[in-house]
Amino acid sequence: MKKIQMVDLKGQYEGIKDQINNSFNEIFETTAFINGTEVQQFQKELEEYLGVKHVIPCANGTDALQIAMMGLGLKLGDEVITADFTFAATVEVIALLQLTPVLVDVDPRTFNIDTEAIKQAITPKTKAIVPVHLFGQVANMDAIMAIAQEHNLYVIEDNAQAIGANYHSEHRTLKAGAIGHVGATSFFPSKNLGAYGDGGALFTNDDELAHTIRGIVNHGMYERYHHDVVGVNSRLDSFQAAVLRAKLPRLDMYNEARKKSALKYDEAFRGIEGIEIPYRGGDYDTHVFHQYTLKIKDGKRDALAKHLQQEQIPFGVYYPIPLHLQKAYVDDRYLEKDFTVTNKLVKEVLSLPMHTELEDDQIEYITSTIISFLKNN
Ligand SMILES: *Cc1c(COP(=O)(O)O)cnc(C)c1O
């Protein structure tokens with residue numbers, strides 16, 4: 001059996017090596033390191049893939065979220081509702097822009113933002129909702145868009161974990177990230193569409209917003225050396241774009257490989273006491289398994305984690321602390337009774353190795369190790 005890895009980027013590289021090496025050599029020759037043709041081509045190809053009018057590449061996913069909020073003109077004191085159970089980047093940029101983060105609880109099955117909790121959290125100061133498509137499963141976007149429309153709010157999708165996921169709306173199928181007013185994604189190497197360094201992008205169908213954002217990523221310039229707004233420096237470089245161009249045509253295949261591994265995990269764990277396999281959200285979404293995340297019941301998660309460590313099986317606990325309890329984000333506004341789901345999830349979740357190169361014997365070893373531990377402890 002090959003050594004089990006949480007993410008196997010080397011194995012994936014083997015399949016695209018020639019293409020990537022060739023484009024890297026070309027970039028060395030042309031020296032178009034920033035905003036070269038690779039970046040422009042990638043932008044077009046991603047627009048086509050997502051069915052979205054505008055893709056604006058940037059330096060990373062955190063920047064993409066921040067720039068989305070800047071582009072929408074959110075300002076001091078505006079309230080932005082997001083999930084308590086997510087990676088810190090989501091709430092970090094809200095705080096950084098001196099907006100007011102409003103953390104709300106999540107759905108116990110999907111781990112995604114609870115739409116009833118969103119409704120409860122809306123005040124006259126609310127300006128935007130940031131649903132996070134956690135672990136690769138799309139949030140309940142129909143409900144979220146309806147709430148947003150009713151209260152005149154923006155929806156910024158944090159799509160860092162769900163690129164390529166389809167969302168089946170009532171009338172049509174859309175790509176995750178292309179449903180809200182603006183989407184933000186990350187090309188961090190371990191994401192479903194990962195570069196070989198940092199990268200990110202924004203998506204929108206709004207021409208005016210796209211124009212605003214294109215200026216913001218480039219120091220607020222719309223005309224050379226005319227700075228109309230306060231911007232940032234956030235660029236995707238040509239090497240990263242070349243990697244992403246090699247991977248984009250394979251993204252559906254990669255996501256299928258993840259789903260296939262997820263199904264194998266499911267099969268092995270189904271009916272095993274003390275394990276809850278990942279829920280799939282009925283008919284409206286698909287899951288692209290950025291993470292395969294189990295709930296380990298009866299307080300056994302940490303003991304199991306320790307056992308996996310001894311058996312050299314990699315795992316992750318995403319995320320061990322709710323954001324409302326993180327030192328940087330604690331606030332008197334938050335009441336423990338409003339976070340019962342997240343408070344419980346952080347003690348139960350366990351993510352298993354998930355990538356495009358997982359092999360059957362590895363899955364078999366991982367699942368049998370977990371099952372026998374739970375039976376005997
Ligand atoms: C990875 C991630 C980000 C941040 O992306 P970076 O490219 O690392 O800045 C934001 N939100 C979520 C949910 C993520 O998983």
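**Close-up views of a predicted model with its ligand**

**View 1. The whole fold.** The C-alpha trace spans about 70 × 55 × 40 Å along its principal axes. This is a predicted model, where local features need pLDDT of at least 70 and side-chain atom pairs pLDDT 80 or more, while totals for chains, interfaces and linings use all residues. Numbering starts from 1 along each chain as its sequence is written, and side-chain values use heavy atoms, with hydrogens and water left out.

**View 2. The shell around the ligand.** There are 13 residues around the ligand, and G61, T62, D158, S186 and K191 come nearest (near means a heavy atom within 4 Å). The shell splits into four nonpolar, seven polar and two charged residues (Asp, Glu, Lys and Arg count as charged; Ala, Val, Leu, Ile, Met, Phe, Trp, Tyr, Cys and Pro as nonpolar; the others, Gly among them, as polar).

View 3. D158 puts a polar side-chain atom 2.8 Å from a ligand nitrogen. The side chain of S186 has an N or O atom 2.6 Å from a ligand oxygen, and K191 has a side-chain N or O atom 2.6 Å from an oxygen of the ligand. Taken alone, the ligand exposes 380 Å², and the protein buries 91% of that (Shrake-Rupley, 1.4 Å probe).

**View 4. Two backbone spots.** Y318 to Y319 is a cis peptide bond, with omega near 5°; Y319 lies in the loop between α11 (301-310) and α12 (340-348). F135 has a positive phi, near 65°, and sits in the loop between β4 (126-130) and α7 (141-151).

Terms used: Polar contact = N/O pair within 3.5 Å; in protein donor to acceptor, adjacent residues only side chain to side chain. Helix = DSSP H or I, 4+ residues; strand = E, 2+ residues; numbered from the N terminus.
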